[in-house]
Amino acid sequence: MRRIICSLCAAAVLLTVMNGFGAAQAQDRKAEQAIKHRRAAFTLMSTYFSRLLQTVDGDRPFDAKQVAADAKTVEMLSRLPWEGFAPGTERGETRAKDDIWLEEDRFKQLAQDLQRQTIELSRVAAGGDLVQLKKAFTQTRDVCNACHKSFRTQP
Ligand code: HEC
């Protein structure tokens, strides 16, 4: 009888441990997904932003309609990375600096600045004026750079 009870205890302990392990693994997977999410969002945003860069640098013919569409896409994509900076995503396949969580207010402020700036970029792009576009593009890029300088590790 004692043997049976003990086997049951052992099974219960084992199950508890395994459940804990499973929960930890699920947590890790969630963090991994969140990091993938934010990196994918940055990559996509950068793809459309680079097209605008080529246009303002004169490496791509100025197509006002395309520019307006690309700027609108950048605006939309600039809202996406942030939910990927959830707690628990400090470690992993990431270049995020710890300062993101230590100076959270400043990081959030820059994320907001970017969203505000891309709304302006998109508004200006719809106007079809290349000189104005250059100005709005540079202002947006300054926000990208400011954040990377403080909050992204060097490759
Ligand atoms: C508020 C901060 C912030 C702003 C603003 C910002 N980034 Fe980033 N960016 C980051 C951080 C942090 C990472 C690293 C993410 C990681 O590795 O988990 C990153 C990563 C990237 C990556 C690499 C993606 C990858 O993993 O392959 C690209 C490309 C990028 N950003 C482009 C841009 C562009 C373009 C802009 C502006 C239009 C911009 N970012 C604005 C913080 C920012």
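The model is predicted: local features need pLDDT of at least 70, side-chain atom pairs count only at pLDDT 80 or more, and totals for chains, interfaces and linings use all residues. Residues are numbered from 1 along each chain as its sequence is written, and side-chain values use heavy atoms, with hydrogens and water left out.

Start with the core. In soluble globular proteins, nonpolar side chains tend to be buried together. Here the largest nonpolar core has 27 residues. Such a core is a set of buried Ala, Val, Leu, Ile, Met, Phe, Trp, Tyr and Cys residues joined through side-chain atoms within 4.5 Å. Buried means under 20% relative accessible area, exposed over 50%, and partly exposed in between, with a 1.4 Å probe and protein chains only. Phe49, Leu52, Phe85, Ile100, Phe107 and Leu121 have the most contacts inside the core. Five helices each supply at least two of its residues: H1 (2-56), H2 (64-77), H3 (99-102), H4 (104-127) and H5 (130-151). Helices are DSSP runs (H or I, at least four residues), numbered from the N terminus.

Leaving out residues up to four places away in sequence, Leu121 touches Phe49, Leu52, Ala71, Leu133, Ala136, Phe137 and Thr140. Contact means heavy atoms within 4.5 Å.

Now look at Leu114, which also lies in helix H4. Leu114 is buried, at 6% relative accessible area. Beyond its neighbours within four places in sequence, Leu114 contacts Met45, Ser78, Trp82, Thr140, Val143 and Cys144. His148 is 34 residues from Leu114 in sequence, and their C-alpha atoms are 12 Å apart.

Next, the packing of H2 on H4. Two packed helices are described by the angle between their axes and the distance between the axes. For H2 and H4 the angle is about 165°, and the axes are 8 Å apart. Axes are lines fitted to C-alpha atoms over the stretch in contact, and angles run from 0 to 180 degrees between N-to-C directions. The two helices are therefore roughly antiparallel, a term for angles over 145 degrees. From H2, the contact uses Ala64, Val67, Ala68, Ala71, Lys72, Val74 and Glu75. From H4, it uses Thr118, Ile119, Leu121, Ser122, Ala125 and Ala126.

Helix H2 also holds Asp70. Is Asp70 buried or exposed? Asp70 counts as buried, at 4% relative accessibility. Setting aside neighbours within four places in sequence, Asp70 contacts Tyr48, Arg51 and Leu52.

Finally, the charged pairs. The structure holds 8 salt bridges. Each is a side-chain nitrogen of Lys or Arg within 4 Å of a carboxyl oxygen of Asp or Glu. Glu75 pairs with Arg79 at 3.2 Å, N to O. Glu75 is buried at 8%, whereas Arg79 is partly exposed at 49%. Lys72, Glu75 and Arg79 are linked in a network of salt bridges.

Arg116 bridges to Asp113, with the closest N and O atoms 2.9 Å apart. Both sit in helix H4, 3 residues apart, about one turn of the helix. Arg116 is exposed at 51%, while Asp113 is buried at 17%. Arg91 and Asp98 form another bridge, with a closest N to O distance of 3.1 Å. Arg91 is exposed at 58%, and Asp98 is partly exposed at 35%.

Conventions:
Parallel < 35°, antiparallel > 145°, perpendicular 65-115°, else oblique.
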